[in-house]
Amino acid sequence: RNVYFTKAEIHRKHGGGVDRNGMAYMWGSNSMGQLGCGDRVLKNTPTRVLRLLNATSLSLGLTHSAAIDSQHQLWTWGDLGEGRLGHGSQYREVKVIRDGIPSKERQKIDFLVEPKRVEFFRAR
């Protein structure tokens, strides 16, 4: 299947494009999930970005990426460091066993391997 890009962005170690149907594709380095394809494996050819439909633009940083969709929603993924993705601190709950006793702990997440919509809140 041929993909016809209408927009493209190339950064130092990864690139991306949006096709005429609004599908986003990424390729290159993926050390922090900046390709948005669900893993951290380098991709030598364009690979579809997960969860992102109707993209209108892309912006790439060294280890993170962002897109805006046709509904003017901002999506970001990749390196979460220093709050650059706009999601605040992210945690996941994991099961651990200490001294034979199972429990749950919160672990900080350092990266997102697929796009997440940025939520904006109004100050009260």
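The legends below describe close-up views of a predicted model.

**View 1. Thr 63 in the loop between strands S5 and S6.** Apart from neighbours within four places in sequence, Thr 63 is in contact with Ser 31, Met 32, Gln 34, Gly 78 and Asp 79.

**View 2. The hairpin of S5 and S6.** Three residues separate S5 from S6 in this hairpin. The two strands run antiparallel and are joined by five bridges. Across the pair, Ser 57 is placed opposite Ile 68 of S6.

**View 3. The hairpin of S6 and S7.** Strand S7 covers residues 74–79 and runs antiparallel to S6, with five bridges between them. Gly 78 in S7 has His 64 opposite; Gly 78 is also among the contacts of Thr 63. Four residues lie between S6 and S7, and in the turn His 72 has a positive phi of about 65°.

**View 4. The largest nonpolar core.** This core has 17 residues, of which Ala 24, Met 26, Val 49, Leu 52, Leu 58 and Trp 77 touch the most other members. At least two core residues come from each of strand S3 (24–28), S5 and S7. S5 gives the largest share, three residues. In soluble globular proteins, nonpolar side chains tend to be buried together.

Key
Residues are numbered from 1 along each chain as its sequence is written. This is a predicted model: local features need pLDDT of at least 70, side-chain atom pairs count only at pLDDT 80 or more; totals for chains, interfaces and linings use all residues. Side-chain values use heavy atoms; hydrogens and water are left out. Contact means heavy atoms within 4.5 Å. Two strands pair if DSSP finds at least two bridges between them. A nonpolar core is a set of buried Ala, Val, Leu, Ile, Met, Phe, Trp, Tyr and Cys residues joined through side-chain atoms within 4.5 Å. Buried means under 20% relative accessible area, exposed over 50%, partly exposed in between (1.4 Å probe, protein chains only).
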